[in-house]
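Here is a colleague's note to read alongside the sequence and the model. Please keep both in view and find each residue as it comes up.

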Amino acid sequence: MKVPSDFGLLRFKGMDLLQERGQIPKLVLDFELEAGSFRAVYFGHVSPFKLGSVQLIQEGREEINQVFSSSGKVLVPMQAATQVDGFPPDLNWNILAGSLSLWRACCGLPNGCDPSLGKYFNKMKTVSRYQWDNISYEVEGDEIVEEWSACVPDAVVNDIKVVFVIKNGLISALKG
């Protein structure tokens, strides 16, 4: 798998799960790039709400180590975690977007990792507050566009169907 970035083309090298007793597991994603490497560490699963730190090592540049969150405290808010326009005020953005991020990670990541990590993601999927359905997945030029839906219980209305549009891995809009 190859991912475009501001630092050049990232080639997926592998992932690992670091588990310490009493700590949230850390999911480590490693990439190679021309004359260097990139590492992202997430708490539990890939999500803009769960990014812990990144490390970039590239020949001719100063090494970059950035901590985004630690011990449940967000130090640098992620643009990808920003609430989309038109989001209903009676729903919880962090819970819905976090649930979708977890669900997507548990559906996709087992396909690119060691089978023992696949078991971890199958267990993690049950933690998601909502069950999500992938309505569509399309490649439009340089963009990958997905639509995901879930029925969310509401105190006023029985159920609200929520449909998120995701472009290149980032929640970009709410439909409906």
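1. A salt bridge, as the word is used here, is a side-chain nitrogen of Lys or Arg within 4 Å of a carboxyl oxygen of Asp or Glu. The model is a predicted one, and by this rule the count in it comes to 3 salt bridges. As background for what follows, side chains of opposite charge can pair when their charged atoms come close.

2. Arg39 and Asp30 form one of these salt bridges, and their closest N and O atoms are 2.6 Å apart. Arg39 counts as partly exposed, because its relative accessibility is 35%, whereas Asp30, at 18%, counts as buried, because buried means under 20% relative accessible area.

3. What is the distance between the closest N and O atoms in the salt bridge of Glu146 with Arg104? For this pair the value is 2.8 Å, and the bridge links distant parts of the chain, since Glu146 is in strand E10 while Arg104 belongs to helix H1 (residues 93-108), 42 residues apart. Glu146 is buried at 7% relative accessibility, and Arg104 is partly exposed, with a relative accessible area of 24%.

4. With a relative accessibility of 39%, Lys175 counts as partly exposed, while Glu147, at 16%, counts as buried.

5. On the surface, Glu138, Glu140, Asp142 and Glu143 gather in a patch of negative charge. Glu143 has its place in strand E10, which covers residues 143-153, and this residue is partly exposed, with a relative accessible area of 32%.

6. A nonpolar surface patch is made by Tyr137, Val139 and Ile144, and its area is about 290 Å². Ile144 is placed in strand E10, and at 31% relative accessibility this residue counts as partly exposed.

7. How many disulfides does the count come to? A disulfide is a covalent bond between the sulfur atoms of two cysteines, and with the rule that the two sulfur atoms lie within 2.5 Å, the count comes to 0. Cys106 is in no disulfide, and the nearest cysteine sulfur, which belongs to Cys107, is 7.1 Å away; Cys106 is also buried, with a relative accessible area of 4%. The sulfur of Cys151 is too far for a bond, because the closest cysteine sulfur, in Cys107, is 16 Å from it.

8. Most residues other than glycine have a negative phi. Ala35, although not a glycine, has a positive phi of about 55 degrees, and it lies in the loop between strand E3 (26-33) and strand E4 (36-43), where it counts as partly exposed at 43% relative accessibility. Asn168, likewise not a glycine, has a positive phi of about 50 degrees; its place is in the loop between strand E11 (159-167) and strand E12 (170-175), and it is partly exposed, with a relative accessible area of 44%.

9. Lys2 has its place in strand E1, which covers residues 2-3, and at 57% relative accessibility Lys2 counts as exposed, because exposed means over 50%. Lys2 and Val54 are 52 residues apart along the chain, and their C-alpha atoms are separated by 18 Å.

Key:
Residues numbered from 1 in each chain as written. Predicted model: local features only at pLDDT ≥ 70, side-chain atom pairs only at ≥ 80, totals over all residues. Heavy atoms only, no water. Patch = residues over 30% accessible without salt bridge, like charges linked within 9 Å, V, L, I, M, F, W, Y side chains within 5 Å. Areas by Shrake-Rupley, 256 points an atom, 1.4 Å probe, with all protein chains shown as cover. Lys, Arg positive; Asp, Glu negative; His and termini not counted. Charge placed at Lys NZ, Arg CZ, Asp CG, Glu CD. Helix = DSSP H or I, 4+ residues; strand = E, 2+ residues; numbered from the N terminus. Buried < 20%, exposed > 50% of the residue type's maximum accessible area, 1.4 Å probe, protein only.
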